[in-house]
Amino acid sequence: MEYKFKAEVKQVLDIVVNSLYTDKEIFVRELVSNASDASEKLRLGKLASDEKIPEGELKIKLATDEKENLFSIEDFGIGMTEDELISNLGTIAHSGSKAFIEALKESKGNIGDGLIGQFGVGFYSVFMVADKVDVYTKSESGCGLHWSCSGDENFAIEDFDKSERGTKIVAHLKKEYSEFSKTARIRSIVEKYSAYIDFPIFLGDEELKTRQAIWLKAKSDITPEQYEDFYKFQTHSYDKPTDWLHFKADAPVELNALIYVPSENPERLGFGKTECEVSLYCKKVLIDPSPKGLFPEWMRFVKGVIDSSDIPLNISRESMQDSGLVKKLGRVVLKRFLKHLAETAKKDAQKYELFFKKFGTFLKEGAAVDFENRAELAKLLRFESSLYPDGTKVSLEDYVSRMKGDQKDIFFACGADRKTIESAPYVEAFAARGLEVLYMYDPIDAFLTGNLGAFDEKPFASVDSSDIALGDAPSSSDVAPLPDAELTPLKDWIKSALGDSKVSEVSSGGRLVDSPIAALNTDGITPQMRMMLKAMNPDSPLPPSPVKLEINPRSEVIKNLNSLRSSDESLAKLVLDQLYDNALLSAGLLENPRSMAKRMNEILAKVKP
Ligand code: ADP
Ligand code: MG
């Protein structure tokens with residue numbers, strides 16, 4: 001008998017048939033999902049009535065026929081009665097296509113390519129590649145039926161002699177889509193989208209490899225080996241994950257997630273920027289292998305799967321291109337991941353340190369740019385400290401808890417390593433006052449402290465900044481300083497001898513303990529930032545800004561300089577230039593170290609025995 005499709009179905013068919021959508025292959029995913037659903041429904045029904053299904057009966061059989069240009073799929077699930085055929089395949093009552101229609105209405109007919117791919121249009125997607133489709137079906141109690149349609153507004157249903165329960169769909173492929181009558185092509189599509197279907201899938205005589213969707217199982221039912229195995233399979237890698245997080249959430253969206261931290265940070269090993277490899281599934285069926293906008297950039301190091309049965313129903317209510325649902329899913333998983341890291345840090349500090357060593361730069365990047373998660377991320381950061389030996393890391397919370405009564409800032413020093421930082425003339429002033437300094441070795445750290453600004457309302461302050469006012473140091477040495485009557489003219493002489501372009505101010509505050517001289521940072525641009533700016537703009541280097549100099553009136557070098565000034569002023573000037581360059585070198589501000597060697601030789605030549 002002939003039937004007419006409902007108007008809505010016609011609309012979907014028109015779009016699907018005329019679709020220029022490139023991912024035609026998703027029709028396989030849709031048909032396999034339907035076969036799996038039908039098998040699952042049968043299994044549940046039998047379970048409810050305590051009947052046994054013979055082992056191996058519920059399978060899905062795919063077949064291709066290159067000669068006749070056919071693709072077919074058969075299941076042994078619940079099948080359909082005549083009424084069901086009419087209502088299931090003749091009206092839009094079911095999930096996938098219904099969401100599509102809703103989206104279509106909202107977008108006023110301007111449906112984008114991506115939309116079909118995102119949730120498929122269920123059964124009708126087969127009309128993208130076929131000009132005729134036959135459905136042979138039989139439900140448990142009903143008789144065999146044959147549904148057929150050529151993608152126009154009519155379909156027909158006839159009796160058909162079918163002995164086995166279930167459904168077989170035969171797609172008569174359009175000439176230009178003969179690729180789907182090739183076994184290899186179908187195999188790769190099934191492996192891509194349907195690797196986790198619960199029923200055995202056969203392609204001709206060959207059983208395709210499928211896996212258990214372990215992310216939907218209870219944690220207690222999965223061994224660590226199974227978690228590791230799954231990681232290797234899903235990410236096509238051979239390494240062992242450093243860590244994983246497996247959880248289920250019900251609100252604000254339903255989801256199951258299994259997120260892995262890989263064994264290594266490929267960016268650290270010098271490979272290019274990594275891509276986030278977290279795939280989106282809906283009930284074990286792949287929806288999107290790399291959903292855009294799932295996580296903020298800095299989360300790109302994680303891998304795994306997120307499965308949400310809310311996907312096909314909600315997606316049409318969200319904006320088209322950039323689904324809000326995807327963001328929502330990402331946010332839930334991200335928050336849980338941060339919580340997991342915080343718990344790990346508390347429960348197993350050693351494990352966390354290992355993680356942070358490899359992946360800490362991502363957290364720093366996040367703390368610097370991800371405003372929404374900044375507070376949680378900042379707590380997860382770790383740095384070396386002047387109070388602890390090489391290799392021991394502290395958190396910002398630790399630091400703040402140890403701050404001295406009147407200390408307002410979090411002091412930090414940037415440098416290539418501990419030695420470099422401690423040999424510069426800055427940290428000694430803090431050490432002498434018992435103040436802790438965080439040591440930062442990562443190029444991103446200067447950027448991080450700049451963007452973060454503060455932690456727990458305590459501003460970050462670089463030890464070379466001229467803004468830091470340090471109270472008097474407990475006088476440790478009994479060496480007498482240069483008396484003020486001599487110190488003031490010396491400072492004036494230094495300023496005029498070097499000139500305004502090199503020095504803005506000469507002070508003799510109590511910062512320095514052992515070093516004779518230090519250059520302080522006045523413009524807030526750290527040497528690391530200066531280097532970065534220079535690398536970005538090699539043609540227009542930053543103008544060298546005059547520095548603020550601090551001299552140590554107790555230092556033997558300064559005292560000698562003062563005497564030399566009256567006995568041999570030209571030598572004193574040479575020595576001063578050298579001291580100035582030393583100060584710039586320690587500050588990481590020296591642009592051209594070559595002139596230093598030449599001057600050094602000049603000075604040495606004047607040393608008379
Ligand atoms: P959805 O799967 O989202 O419900 P589809 O367009 O894929 O939407 O399928 C429409 C309906 O057709 C299904 O809900 C189901 O009732 C019926 N159906 C499709 N394929 C089969 C099948 N192989 N066996 C039994 N019923 C099927
Ligand atoms: Mg379906």
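**Strand, sheet, helices and rings**

Me: Which residues is Ser 279 in contact with, leaving aside its neighbours within four places in sequence?
Reply: This is a predicted model, in which local features need pLDDT of at least 70, side-chain atom pairs count only at pLDDT 80 or more, and totals for chains, interfaces and linings use all residues. Residues are numbered from 1 along each chain as its sequence is written, and side-chain values use heavy atoms, with hydrogens and water left out. Taking contact as heavy atoms within 4.5 Å, the residues that Ser 279 touches beyond those neighbours are Gln 234, Leu 286, Asp 288, Pro 289, Pro 291, Gly 304, Val 305 and Ile 306.

Me: Is Ser 279 buried or exposed?
Reply: Ser 279 is found in strand β12, residues 277–282, where helices (H or I, at least four residues) and strands (E, at least two) are DSSP runs numbered from the N terminus. A residue is buried under 20% relative accessible area, exposed over 50% and partly exposed in between, with a 1.4 Å probe and protein chains only. Because its relative accessibility is 8%, Ser 279 counts as buried.

Me: Which strands stand at the edges of the open sheet of 3 strands?
Reply: The sheet has the order β21-β23-β22 with mixed pairing, and two strands pair if DSSP finds at least two bridges between them. Strand β22 and strand β23 (residues 547–551) run antiparallel and are joined by 4 bridges, while Ala 519 stands opposite Leu 549 in β23. Two strands each have a single partner, so one side of each is left without a neighbour in the sheet, and these edge strands are β21 (503–507) and β22 (517–520).

Me: At about what angle to β22 does α19 run?
Reply: Helix α16 (residues 484–498) lies across β21 and β23, running at about 165° to β21. Such angles run from 0 to 180 degrees between N-to-C directions, and axes are lines fitted to C-alpha atoms, for helices over the stretch in contact. Helix α19 lies across β22 and β23, and its angle to β22 is about 55°.

Me: How far apart are the axes of helix α19 and helix α20?
Reply: Two packed helices are described by the angle between their axes and the distance between the axes. Helix α19 (residues 569–587) and helix α20 (residues 594–606) pack at an angle of about 145°, and their axes are apart by 10 Å.

Me: What kind of aromatic pair do Tyr 196 and Trp 215 form?
Reply: Rings of Phe, Tyr and Trp (its six-membered ring) pair if their centres lie within 6.5 Å, and planes under 30 degrees apart count as stacked, over 60 as edge-to-face and the rest as tilted. Tyr 196 is buried because its relative accessibility is 1%, and Trp 215 is buried with a relative accessible area of 0%. With 4.7 Å centre to centre and 80° between the planes, the pair is edge-to-face.

Me: Why are Phe 355 and Phe 359 separated by about one helical turn?
Reply: Phe 355 and Phe 359 form a stacked aromatic pair, 5.6 Å centre to centre with 25° between the planes. Phe 355 is buried, with a relative accessible area of 5%, and Phe 359 is buried as well, at 0%. The separation is about one helical turn because, in helix α10 (residues 349–369), the two lie apart by 4 residues.

How values were computed. Chains lettered and ligands numbered in written order.
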